[in-house]
Amino acid sequence: MPIGFVPPSVLVHLAAHHGVASRDQLRGVGITSRQIDRLLASGHFERELPGVYRIASTPSTFEGRCLAACLADRELVIGGPSAARLWRFKHTGADERVIGVVAHDRNPIRSGVVLRRTNQLPATDVVTRSDGVRLTAPPRRWFDRARDLTDPWFEALTEHVLDQHCSVPTLWGVARRLMTKGRTGSARVRRVMSQRAAWQKPADSTLEFDVLRSLERLGIVLTRQYALRLRDSSVIHLDGADPDLRWGVEIDHVTWHGGRIDAARDKGRDRRARQLGWQIERVDDQEWRRDRSRVIAELVDLYEARGGRRRLTA
């Protein structure tokens, strides 16, 4: 193989992995150890971390450095602000450091990564992306962020995580597992989550459940958590939807501060949904408590006006 020639199979792999690969991966896609050494010597490859290389034609990126850390240490997990940035959490900033989480008894890589140690990182708290980056799951990253944010910012983050990643019961489950006396951030998690109305806590019934079940009793069966991709490629999850009619129902939690924080965002999402021909009806907790019968009657009228037919049973 001529010096500087990189086989197409190697280029395909590198293109899908931020230009980064381990020595074992490179050998697995068609290049020998001797050829790797020659490409390093000629400057076509650059060393990122021990046993991990980047093709010189690809600039070093934050995601590439996160992947390199995961390849250099098979047990390391990207955490802290680095994981928050990868999940595109709100109020994360642009910290360029790669922060890795390892067990207390580990002796991992010693350069290129800021290490944090923990004895509480079960497999359920770790997600492996398609590019090979291992990082703490959104609910765990949400809990850990409580130590760094004020209550109002943590409220806004909580609303974001609920909208984009998981449910209220999931957050409460993580909180109950991790909240311990003296653990940094536990008090903030408890304060913020406790501000949510009673029906927003894990229970036999939530507001979403009540609204959708009330509609089902009247013959309107909607798809729950329907994923709708907007023109800007973002995805929203409607609480209830009839995709054939392009009609959906969203539940607003305005009694909790976070609901008011994101009101403007919700209006913008509704406008983008209308660009696709969707009609979104919103129900908030305050009007539901005042007169749920009126709310359901109005939703039925709007559904039928859209052309929907109820599935009444005998």
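When I say two residues are in contact, I mean that they have heavy atoms within 4.5 Å.

Two notes before we start. This is a predicted model, where local features need pLDDT of at least 70 and side-chain atom pairs count only at pLDDT 80 or more, while totals for chains, interfaces and linings use all residues. Residues are numbered from 1 along each chain as its sequence is written, and side-chain values use heavy atoms, with hydrogens and water left out.

First, the overview. You'll find 13 helices and 12 strands; these are DSSP runs numbered from the N terminus, with helices being H or I of at least four residues and strands E of at least two. Of the 314 residues, 46% count as buried, meaning under 20% relative accessible area with a 1.4 Å probe, protein chains only.

Now, the inside. The largest nonpolar core has 21 residues. Such a core is a set of buried Ala, Val, Leu, Ile, Met, Phe, Trp, Tyr and Cys residues joined through side-chain atoms within 4.5 Å. W142, F143 and F154 are among the members touching the most others. Helices 6, 7, 8 and 9 each give two or more residues to this core, and helix 8 gives the most, with 6.

So what is F143 in contact with, leaving aside neighbours within four places in sequence? The partners are V174, A175, L178, M179, R183, S186 and V189.

Last stop: A273, in helix 12. Why does A273 count as buried? Because its relative accessibility is 1%. Beyond four places in sequence, A273 touches L228, L230, W278 and I280.

Definitions and conventions:
Buried < 20%, exposed > 50% of the residue type's maximum accessible area, 1.4 Å probe, protein only.
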